[in-house]
Amino acid sequence: MNAFIDNPSVQLRHEAAPADAVCLASDGRVDRETMLACLATHFQFPVYYGGNWDAAYDLLLDKVDALSVDTVWCFNFGPAVQKDPDAITSFLQLMQDIIDYASDQGIRLQVELFLDSGEVD
């Protein structure tokens, strides 16, 4: 696990993802639907989850509020062939907003996105 940084932000990693990283891809693609579905599955969102960025934000705040130790959330794209840049930007903003909230609460949360080699920031 990497050391925490003083000014937290989403860390883009150009290296192999750890085995416990959450894959944001499904059926060879990364888009809004696959990322939100992966978040819902991994974080066990309730059945009433609306499947949108705002609902994911609200539910992730609950997860942050439950943290009691320094935490790192790891994500990757897996072998996705099709990537939606707008959806990826929205995901990165969501994670940054969650990091900022955690920091305001005195909680140390780090988010790492592992990119396939050859991927561009």
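These are my notebook entries on what I looked up in this predicted model.

**Ground rules**

I number residues from 1 along each chain as its sequence is written, and I work with heavy atoms for side-chain values, leaving out hydrogens and water. As the model is predicted, local features need pLDDT of at least 70 and side-chain atom pairs count only at pLDDT 80 or more, while totals for chains, interfaces and linings use all residues.

**Entry 1: the overall layout**

I started with the fold elements and found three helices and six strands in the chain. I took helices (H or I, at least four residues) and strands (E, at least two) as DSSP runs, numbered from the N terminus. Going along the sequence, I wrote down the pattern β-β-β-α-α-β-β-α-β.

Next I looked up how much of the chain is covered. Of the 121 residues, 44% are buried. My cut-offs: buried is under 20% relative accessible area, exposed is over 50%, and partly exposed is in between (1.4 Å probe, protein chains only). The areas themselves come from the Shrake-Rupley method with a 1.4 Å probe, and for residues only the protein chains shown count as cover.

**Entry 2: salt bridges**

How many salt bridges does the structure hold? I noted four. The rule I used is a side-chain nitrogen of Lys or Arg within 4 Å of a carboxyl oxygen of Asp or Glu. Side chains of opposite charge can pair when their charged atoms come close.

One of them joins Glu112 and Arg13, at 3.2 Å from N to O. This pair links distant parts of the chain: Glu112 sits in strand β6 (residues 109-114) and Arg13 in strand β1 (residues 11-13), 99 residues apart.

Then I checked Asp31 and Arg29, which form a salt bridge whose closest N and O atoms are 2.2 Å apart. Asp31 counts as buried because its relative accessibility is 13%. Arg29 is at 28%, so I put it down as partly exposed.

I also looked at Asp70 and Arg108, whose side chains meet in a salt bridge at 3.2 Å, N to O. Here too the pair links distant parts of the chain: Asp70 is in the loop between α2 and β4 (71-76), Arg108 is in the loop between α3 (85-104) and β6, and they are 38 residues apart. Asp70 has a relative accessible area of 42%, so it is partly exposed. Arg108 is partly exposed as well, because its value is 44%.

While I was at Arg108, I checked Thr71. The C-alpha atoms of Thr71 and Arg108 are separated by 6.4 Å, although the residues are 37 apart along the chain. Thr71 lies in strand β4 and is buried because its relative accessible area is 14%.

**Entry 3: aromatic rings**

I searched the whole structure and got four aromatic pairs. One of them is Phe45 with Tyr49, edge-to-face, 4.8 Å centre to centre and 65° between the planes. For pairs, I used rings of Phe, Tyr and Trp (its six-membered ring) with centres within 6.5 Å; planes under 30 degrees apart are stacked, over 60 edge-to-face and the rest tilted.

Why does Phe45 count as buried? Its relative accessibility is 11%, so it falls in that class. Tyr49 is at 16% and therefore buried too. I then saw that Phe43, Phe45, Tyr49 and Trp73 form one aromatic cluster.

**Entry 4: negative charge on the surface**

Which residues gather in a patch of negative charge on the surface? I listed Asp54, Asp58, Asp62 and Asp65. A patch takes residues with over 30% relative accessible area and no salt bridge, joining like charges within 9 Å and nonpolar side chains (Val, Leu, Ile, Met, Phe, Trp, Tyr) within 5 Å. Lys and Arg count as positive, Asp and Glu as negative, with His and the chain ends not counted. I place each charge at NZ of Lys, CZ of Arg, CG of Asp or CD of Glu.

I looked up Asp58 on its own: it is in helix α2 (residues 53-65), and its 45% relative accessibility makes it partly exposed.

**Entry 5: positive phi angles**

Asp27 has phi near 55°, a positive value in a residue other than glycine. Asp27 lies in the loop between β2 (22-23) and β3 (29-30), and at 72% relative accessibility it counts as exposed.

Gln44 also has a positive phi, near 55°. I found Gln44 in the loop between α1 and α2, exposed at 65%.
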